[in-house]
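Please look through the structure shown here, starting from a single residue and moving on to the places where chains meet.

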Amino acid sequence: MWKGAMRRRDFLKLVAASGAGAVVFTGCDVSSWGNGDPKREFQIQSAVDNPQDFALGRDLWYATAFSGISGGSGLIVRVYEGRAKKVDGNPDYPLNLGRSTALEQSLVQELYHPDRIGGPLRLKGARGSGSYEAISWDEAQTEYNSMITAGKGSALLITSPLSGSTAAVADQFVKAVGGQHVTYEPEERIVLREAVRRVFGSPRLPTFDLANTNFLLNFGAEFLNDWISPVHLSIGYGAFRQGRAGTRGRYWHVSPQLSATAANADKWVPITPGSEGLVALSMAQVMTSQGLVDKSAAGTIYSGITLDDYAPDKVASKAGITADQITDMAKTFAGQKPSLAIAGTSASAHTNGLFNLTAVYSLNYLVGSVGTKGGVMFNPDSPLPDVLPNSTTGTSYRDWQPIVNKLKSGGTKLALIYNANPVYGLPPAIGLQAALGAGAKVVSFSNFMDETTTQADLILPTNVVLEDWGLHVPDPGPGFQTVALQQPVVKPFVDSKPFVDLLISGATAAGATLPWKTNEDVVRATVAQLQKAGGGNITGTDDPKEYFVTVQGQGGWWDTKKTASAAPTAPATPTKATEAQFDGNGSFYLLPYPTNSLGYGEYANLPWLQALPEPISTNVWASWVELNPTTGKKLNVVTGDIVKLTTSTTTVEAAVYINPAAATNIALVPLGQGHVIFSRYAEKRGNNPVTFIAPKMEAETGALAMAATRVSIAKAHKKVRIPRLEGAVPAYQLEDFPIIEVENTK
Amino acid sequence: MAKRWGMTIDLDLCTGCQACVVSCQAENNIPINTEENFQQRRAIEWIRVERYWEGEFPTVKARYIPVPCMMCENAPCEPVCPVYATYHTDQGLNFQVYNRCIGTRYCSVNCHWHVRFFNFWEPKWPDTLKQQLNPLVAVRSRGVMEKCSFCIQRIDHAEQAAELQKRDVKDGDFTTACAQACPTRAIVFGDLNDTTSEVAKTVASTDRGYQLLADLGTNPAVVYLKKIDSDPLPDGIKHRYFDSSQVGSVQGTVAVG
Amino acid sequence: MGRIIKPVVVVVVILLVLAIPALAIVARSYILAPTAQPAKSQPIAFPHSIHVNVVGLDCTFCHRGATTQADSTIPALQLCMGCHSIIPTTDRPELQMLVTAFNSGTPINWTRVDQLPDHVHFVHAEHINAGFSCATCHGDVASMAPGAVVQVRDLRMGDCITCHRENNAPTDCSTCHY
């Protein structure tokens with residue numbers, strides 16, 4: 001069924017699937033299943049239809065895709081009599097090659113979530129009261145159409161980053177209705193995209209050829225967990241470590257936090273938050289002054305900067321490390337080629353985030369790791385940029401302000417929200433929640449009641465990942481042109497509709513004539529265009545129907561020959577060095593971090609992810625603040641004690657977790673919890689760091705600088721027990737009897 | 001030759017991402033581990049990822065190890081079962097017969113790896129989430145011990161499919177849920193007695209292999225490949241423990257299992 | 001008098017207590033045995049006899065999974081309608097029920113005749129491919145009255161194990177229970 005048995009030929013049988021696949025049990029009342037009810041236990045059903053692709057009594061695997069909150073993956077889903085049972089990676093899809101993340105595995109729980117909104121809802125009481133009445137789709141459609149007509153010319157569409165066919169339809173919708181389309185995504189990505197654009201001149205995120213890298217220097221990027229493409233990079237990491245005979249890649253991690261990813265590094269260099277860029281400049285100074293790299297290249301890149309001002313001894317104290325450590329890093333980086341420097345997550349979450357990232361990524365030019373084996377590789381444009389656009393950059397915190405003001409002043413008459421929860425993700429200081437209540441009609445396409453959806457006048461639940469069609473252009477891709485095909489593997493479990501169908505009907509209500517009626521039409525038409533354009537992995541068929549079925553079976557379209565054009569030349573960036581600014585005068589840096597399982601909280605409603613231990617602390621179902629043991633002693637607190645965290649914005653309480661790897665001057669808080677409302681599994685659980693950080697911005701991009709807050713900590717004389725996988729005593733390796741045996745190669 | 005199912009886990013590849021944990025829970029109908037389950041130390045994870053510390057800030061390392069059932073050849077859990085509910089199959093699996101188990105929990109006490117889990121209560125799912133349950137795996141009821149089965153439903157399924165084709169199960173026909181999900185391919189599953197299988201080849205060719213708590217002489221079928229460290233911490237620092245009064249009072253001893 | 005009654009009562013009570021397990025065994029084997037149960041009511045009195053004896057269909061014409069997979073499978077109504085769309089339904093109330101169900105898209109919930117508990121994983125394909133006929137376990141279904149199919153074989157663990165031993169099939173617990 002999997003690696004061996006479940007290859008191309010089997011897929012072919014399964015593809016026709018989809019729409020027809022999930023018949024069955026129409027007469028069944030879900031609520032009384034199981035529980036030993038003899039009425040049901042002793043019954044066996046004759047389904048009405050038996051489409052060819054639907055087998056009773058056995059499982060089938062369908063290929064589909066998840067565009068995700070990062071990169072995305074090709075998936076295969078095990079379907080048993082019309083119910084999705086298991087999600088795994090699609091072995092054919094080039095980005096994840098059959099592998100998957102915990103989040104992707106959990107998508108079945110999104111499908112069968114007990115708190116999914118069952119059908120269209122209309123606001124009954126006051127806004128925000130959460131009081132809604134169920135209405136029929138006919139009523140909902142009428143109301144939706146009238147809202148579109150009334151809001152014409154001043155609409156606002158808020159979505160997660162869209163790409164491919166969905167993005168194309170969204171463009172048409174915005175054109176027809178008139179207004180603005182804004183994208184909501186984690187703010188660190190905005191900084192990353194801008195850095196990549198400046199340093200490499202590439203509008204798309206790059207991919208990293210880890211499999212051929214000898215030395216990886218990572219400034220804070222959580223590339224193995226929830227950064228841009230965790231599965232793809234993890235596969236690369238596997239090859240980097242053990243994929244080559246005789247060579248094992250060496251990995252150093254430079255960041256203020258020993259994160260879940262950093263724990264995999266051979267060496268962790270703990271630096272002061274926000275000093276990543278300075279350390280990178282200092283490394284460049286060492287490499288050029290000692291003649292380890294070509295000096296002229298450095299002259300072009302750092303043209304506006306006098307590198308000698310950043311000699312290790314001048315930077316060391318600011319970065320909280322020794323000059324020797326910087327020199328050592330520079331020498332190793334230049335000496336163990338091909339070497340690669342990457343940066344992200346915490347490095348971008350500062351007021352100087354863009355400088356940090358540009359300074360680090362520029363290092364790759366010095367060692368010749370741009371566009372070469374073992375270095376930064378670039379992704380080509382979408383094969384059909386018009387009908388399959390690349391995903392757009394998110395809207396930065398600074399750019400949200402005019403949007404919110406327009407909502408407040410009544411300039412926006414209609415707000416439509418899909419797959420995004422900006423009320424939760426943006427600091428309360430911006431006042432988005434109040435602005436949504438200021439008069440504009442609000443339509444939410446969400447499946448769950450969350451902070452943003454509860455502000456809606458009309459809720460139109462849309463199909464979840466496993467129920468919908470779509471064509472996605474992954475960002476980052478695998479280094480060649482790739483399009484993932486998403487197909488429904490089961491029929492909608494509740495009374496929901498595809499998002500794209502609603503965009504099309506909305507655009508039609510606004511007077512536009514679109515060539516398609518449904519999301520499926522869009523996908524089929526676009527695949528036909530792909531076929532016309534030529535190339536790709538599907539060969540040996542001219543028949544459009546067979547071509548489409550083959551794309552369905554393989555889970556997408558890709559062409560390994562269509563790679564990016566020539567690598568860019570070294571740009572003149574960064575132009576000046578900036579130091580991180582911090583808000584407040586508390587004695588600790590507050591460092592919120594996305595956890596492995598919950599990330600930025602988008603899928604905090606899935607119980608498997610809530611119950612998945614955060615790898616370093618092994619805490620679950622909660623949020624906490626991590627402190628160094630010495631700090632704990634000073635404050636007289638131990639694990640489980642409640643402390644008051646005071647920032648310039650507010651004071652909140654959190655339980656302490658003593659982390660032996662936490663720096664003495666840093667308080668680490670996990671992101672993703674603290675939902676006011678978001679299903680029974682996530683709501684009223686822990687706190688949301690976005691609500692108590694100071695809303696400082698990254699200087700150039702205007703992205704929210706999550707880590708630019710200082711905090712003071714005081715004991716609150718209360719205690720809780722943090723739910724945790726690990727016992728009460730932290731697990732240490734025993735000297736004579738190690739659990740994890742280690743072979744030292746030095 | 002009779003089969004002996006086994007597994008290698010390369011600790012140099014494990015990134016602690018825990019995709020294996022969720023994959024296992026989805027495949028094997030493991031009840032949702034609630035906050036209370038964790039508080040009571042009754043969370044069920046057939047495979048879990050443990051984290052071990054070395055040293056303390058700023059010279060500190062954290063290391064991960066995934067721990068499924070070791071499928072010991074001389075399993076300590078087996079002889080203590082008064083009703084023969086846990087026994088050894090001829091394919092080297094240390095197997096739990098749910099419908100025979102009477103819940104004495106002796107086996108869990110006797111397991112040094114703590115990979116046996118007891119159902120203290122009837123497992124509960126909201127009705128809608130029951131749609132996800134795997135029909136090929138029995139849901140364990142209250143009072144029953146459960147543990148990693150090396151995805152025996154997949155083994156059986158593969159054997160049946162092979163039998164219909166009049167052949168033997170071959171390497172690559174199937175793999176366990178954890179191995180299938182693992183992004184870095186740290187987990188390899190297969191027949192240790194088949195010299196051509198990937199897992200047997202890995203065991204034969206590596207010089208990093210070791211078994212967890214091998215001194216106990218149980219001969220586990222899970223072989224770990226040592227973690228490699230090119231920049232180890234200085235010796236004096238590695239095994240320093242921080243003050244255990246730091247970690248909070250140990251509130252009551254809670255039942256384990 | 002009391003001197004005699006007391007020991008007699010004691011003996012009778014002891015005998016009664018001892019009789020409980022004996023009675024339980026007898027009841028389990030005869031009265032409570034699956035094979036001793038009356039035919040269960042079915043939504044449609046489906047006549048296996050006509051389909052097998054008159055039309056001459058093989059079991060696997062409808063129960064298609066039996067030779068290749070674990071479940072023998074109950075056919076979808078679409079399969080029934082393959083033939084029944086051209087067979088007149090006049091004066092055939094049972095057939096009319098089928099057509100009504102199909103036209104209105106309502107699945108039919110049959111009552112299971114042979115039921116194994118959830119912790120037993122029985123695979124039809126292996127048994128059929130080992131050379132057993134359907135009748136070995138299900139009996140001569142073709143001669144049973146319409147809508148009155150009964151269980152003819154015990155199909156409890158003792159029955160399974162006996163047969164497995166006779167045929168040199170594996171009796172390892174993990175063969176069926178997981």
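In this predicted model, Ala19(C) is exposed, because 11 other C-beta atoms lie within 10 Å of its own, and a residue counts as exposed when that number is 12 or fewer. Ala19(C) belongs to helix α1 of chain C, which covers residues 2-29. Between Ala19(C) and Val150(C) there are 131 residues of separation in sequence, and the C-alpha to C-alpha separation in space is 31 Å.

Chain C also takes part in a contact with chain B, in which 13 residues of chain C meet 18 residues of chain B. On the chain B side of this contact, helix α4 (residues 152-164) gives the most, contributing five residues, and the side as a whole is made up of eleven nonpolar, five polar and two charged residues.

Turning to the other partner of chain B, the contact with chain A takes 75 residues from chain B and 85 residues from chain A. Several elements of chain B give two or more residues to this side, including the helices α1 (19-27), α2 (35-39) and α5 (177-181) and the strands β2 (48-56), β3 (59-67) and β11 (227-229). The largest share, eight residues, comes from β2(B), while by class the side of chain B that touches chain A divides into 34 nonpolar, 21 polar and 20 charged residues.

Strand pairing also links these two chains, since β11(B) and strand β27 of chain A (residues 742-744) pair in the parallel sense over three bridges. Within this pairing, Val742(A) has Lys227(B), in β11(B), as its bridge partner.

Note on methods
Residues are numbered from 1 along each chain as its sequence is written. Chains are lettered from A and ligands numbered from 1 in the order in which they are written. This is a predicted model: local features need pLDDT of at least 70, side-chain atom pairs count only at pLDDT 80 or more; totals for chains, interfaces and linings use all residues. Two residues are in contact if their C-beta atoms, placed from the backbone, lie within 7 Å. Helices (H or I, at least four residues) and strands (E, at least two) are DSSP runs, numbered from the N terminus. Ala, Val, Leu, Ile, Met, Phe, Trp, Tyr, Cys and Pro count as nonpolar, Asp, Glu, Lys and Arg as charged, and the others, Gly among them, as polar. A residue is buried if 20 or more other C-beta atoms lie within 10 Å of its own, exposed if 12 or fewer, and partly exposed in between; C-beta atoms are placed from the backbone.
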